[in-house]
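Visitor: I would like to learn how to read an interface in a model of this kind. Please take me through it step by step.

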Amino acid sequence: MIVENTQTQMRKGILEYCILSIIAKGETYASDIIAELKKAQLLVVEGTLYPLLTRLKNNGLLTYNWVESTSGPPRKYYILSDEGRNVLEQLDKTWEELAFAVQTAIGDRK
Amino acid sequence: MNKTIIININGIVFHIEEDAYEILKNYMTDVKRHFSNSADSLEITTDIENRIAEMFSETLTRDNKQVIVEQDVNSIIEQMGTVSDFEHAEDDSNADANPLNYATATRRLFRDPDDHLLGGVCAGVGNYFDIDTVWIRLAFAIAIAAGGTGLFLYIILWIVVPKAVTRSDRMAMKGEKQNLQGFKKNFEDEMSSFKQNVSNFGQEARPFVYKARDFTGDFFHHLGMFIRGTGKVFIKIFGVVVLLAGLVALVALIVTLVAFVGFGSSRHNDLFPFEIVTSAHATNFYLCAFIVAFVPVLSIMLMTLKGIFNVGTIGKSTGTVFLVVWLCSLGMLIFYGVKIAENFRESARFTQTVNIKPTKNNTYYLKLNDIKYFSHDDSVRLDIKDHFKNMIVIDDDYNGFNNGRRSVTIKVEKSDVKAPELEESYSAKGGNYDDALFNARNTSYVFAQQDSVLKFDYTLRKRPNLPWHDESITLTLRVPLNTKVVIDQKLDNYLENISLYDCRVANKQDSAPSSIFVMTENGLRCKVDTLVTAKKDSIKVDSAAAAQ
């Protein structure tokens with residue numbers, strides 16, 4: 001139970017960091033984000049992404065533009081807001097620190 | 001060949017096979033339910049729907065087809081992920097963010113609409129504390145019985161505690177962990193409960209007025225059900241009462257029949273109306289009367305059994321037999337009734353006159369004979385002469401109750417001749433004049449004069465064990481003008497056209513044992529004493545007469 005909880009917490013934090021990183025590359029459509037995350041083996045199903053995106057958007061980290069589509073309803077293309085950029089920069093720093101800490105911590109063990 | 005359904009996702013129309021539609025529908029229902037507790041549920045589900053629409057379009061274009069099939073839907077669901085995948089990914093992230101998420105084992109207090117007597121309050125409380133509802137009900141019943149606080153509390157709870165409407169409410173009420181996969185109900189049902197969930201915020205904060213309105217609606221709904229329930233109980237009780245009454249009536253009827261037919265009716269023939277029945281037809285008459293009464297009582301009992309307790313049946317043939325038997329008995333009863341009535345068709349009367357010895361002071365005392373009259377047989381049997389020598393046997397029956405009907409009437413009239421006389425007029429009824437006359441002759445009346453005292457018997461005598469033929473006697477006492485007649489109070493019931501009561505009132509003597517009358521030109525008149533001395537005289541005379 002504790003293991004699962006820790007995994008979930010770690011995964012959750014990293015997932016948000018990754019999503020922000022992907023969107024930081026430019027206007028991104030949800031399925032593109034999914035494709036990248038699948039490649040990185042962080043996310044398996046598309047459905048879980050939408051709540052995350054909505055939450056990030058509601059927290060002011062993301063905005064989106066409606067773009068007409070030829071193959072269906074209009075698409076939401078997400079971009080980072082200014083606040084999102086600030087958060088991402090902080091997260092970059094945090095990640096470097098964390099990566100260092102983890103490397104240091106587990107380096108001795110291996 | 002498959003049936004296709006046209007669906008519309010955010011303005012884009014798709015043709016989808018029925019099976020595929022069912023899967024998609026269930027999937028979307030699950031998804032909506034899953035996100036229903038989230039504040040952003042609408043946005044999230046719209047995103048998902050849009051994405052599904054897009055994937056449908058891509059699939060149709062890629063495969064160059066027009067209809068979405070089951071396989072397409074399955075692959076899209078696989079890509080989008082099932083609700084369990086969502087749960088796994090989010091896990092506890094939503095739980096603390098969402099106060100309305102019931103997906104925990106905590107119980108919530110609801111009124112239970114599935115297990116209620118009135119408002120489901122007791123069942124709800126029982127569910128909340130995980131106690132058998134019976135104990136809660138018992139506690140409330142005791143609290144209501146002891147001062148009525150329970151009733152007050154119940155009504156308050158009824159108003160305040162919401163009713164468990166949706167399935168999730170019920171699960172939360174019973175503390176069941178919600179399993180999103182468990183929701184496999186039809187779309188409409190799910191949608192309605194989904195809406196309920198969304199509007200739960202509003203429901204929680206509803207003003208008291210609306211709750212009270214709901215409460216009154218609920219109240220009358222439950223009251224109706226309660227009355228319907230208790231109504232059934234009352235009907236059952238009524239049925240039991242009817243059955244018991246019927247049973248008692250049947251037993252009484254059978255006992256009566258046995259008494260009359262089995263042991264003979266001679267013992268009862270003094271009592272009206274049995275005295276009418278001549279012994280020749282008695283058995284048949286009683287049997288018919290019995291059946292006429294028995295069949296309807298039995299039918300009512302059987303119908304009660306069938307109608308209320310749904311036990312046993314009256315078959316068509318049984319019913320017909322009952323009806324025929326009843327009609328036959330009724331016919332025979334009427335036949336014998338007419339036969340018996342024929343015995344009263346003719347009446348006969350004869351008169352004889354008894355001379356009364358005149359007295360010196362021209363005063364007569366009319367008294368009731370309270371000496372027991374014995375027939376010759378009785379006299380011999382009881383050996384009256386030896387055993388009751390110089391004694392008087394008093395007849396307790398002189399009030400006339402034993403005969404039931406008054407057969408003696410006494411009148412006092414003015415005589416044309418100087419000497420007083422008593423006219424005895426006997427009458428009786430019979431099938432023809434001869435019979436009637438014979439019946440009248442068959443009676444006797446005991447009248448005795450002892451100086452100035454005239455003693456009248458209370459009844460007409462007839463031989464025992466003879467049926468009643470409406471025998472009667474009219475006694476007319478004819479006295480000359482200015483004759484004083486003192487009438488005993490005990491004769492009151494037998495007098496015609498003479499009111500002892502009025503005379504007593506006129507003399508202001510409420511408890512006088514007798515009243516004094518005087519024969520005038522216009523008939524017998526009450527003698528009203530105006531002087532106290534005169535009154536004293538009359539009393540003296542009375543007591544002197546009584547001494548005799």
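Guide: Start with contact, which means heavy atoms within 4.5 Å. By that rule, 25 residues of chain B are in contact with 25 residues of chain A. This is a predicted model, in which local features need pLDDT of at least 70, side-chain atom pairs count only at pLDDT 80 or more, and totals for chains, interfaces and linings use all residues. Residues are numbered from 1 along each chain as its sequence is written, chains are lettered from A in the order in which they are written, and side-chain values use heavy atoms, with hydrogens and water left out.

Visitor: How is the area between chain B and chain A stated, and what do carbon and sulfur atoms give?

Guide: Buried area is the accessible area (1.4 Å probe) that two parts lose on being put together, summed over both. Between chain B and chain A this comes to about 2,000 Å², and carbon and sulfur atoms give 51% of that area.

Visitor: Which helices of chain B supply the side that touches chain A, and how many salt bridges cross the interface?

Guide: A salt bridge is a side-chain nitrogen of Lys or Arg within 4 Å of a carboxyl oxygen of Asp or Glu. Six of them are found across the interface of chain B and chain A. As for helices, these are DSSP runs of H or I with at least four residues, while strands are runs of E with at least two, both numbered from the N terminus. Helix 2, helix 3 (70-80) and helix 4 (83-90) of chain B each supply at least two residues of the side that touches chain A. Helix 2 gives the most, with 11 residues.

Visitor: How do the residues on that side of chain B divide by type?

Guide: Ala, Val, Leu, Ile, Met, Phe, Trp, Tyr, Cys and Pro count as nonpolar, Asp, Glu, Lys and Arg as charged, and the others, Gly among them, as polar. The side of chain B that touches chain A has nine nonpolar, five polar and 11 charged residues.

Visitor: Which partners does B:Glu43 have in salt bridges?

Guide: The side chain of B:Glu43 meets that of A:Lys57 at 2.3 Å, N to O. B:Glu43 also forms a salt bridge with A:Lys76, at 3.4 Å. A:Lys76 lies in strand 3 (residues 75-80) of chain A and B:Glu43 in helix 2 of chain B, so this pair joins two chains.

Visitor: Are A:Lys76 and B:Glu43 buried or exposed?

Guide: Buried means under 20% relative accessible area, exposed over 50%, and partly exposed in between (1.4 Å probe, protein chains only). A:Lys76 and B:Glu43 are both buried.

Visitor: Where is B:Ser57, and what does it contact?

Guide: B:Ser57 is found in helix 2 (residues 41-63) of chain B. Its relative accessible area is 11%, which counts as buried. Leaving aside neighbours within four places in sequence, B:Ser57 is in contact with A:Ser71, A:Gly72 and B:Phe14.

Visitor: What does a salt bridge within one chain look like here?

Guide: In chain B, the side chains of B:Arg478 and B:Glu421 meet at 3.8 Å, N to O. B:Arg478 lies in strand 12 (residues 472-479) and B:Glu421 in strand 7 (residues 421-430), so the pair ties together parts that are 57 residues apart in sequence.

Visitor: Which residues do salt bridges with shared partners join into one network?

Guide: That network consists of A:Glu46, A:Arg75, B:Arg51, B:Glu54 and B:Glu58. Over all chains, the count comes to 20 salt bridges.
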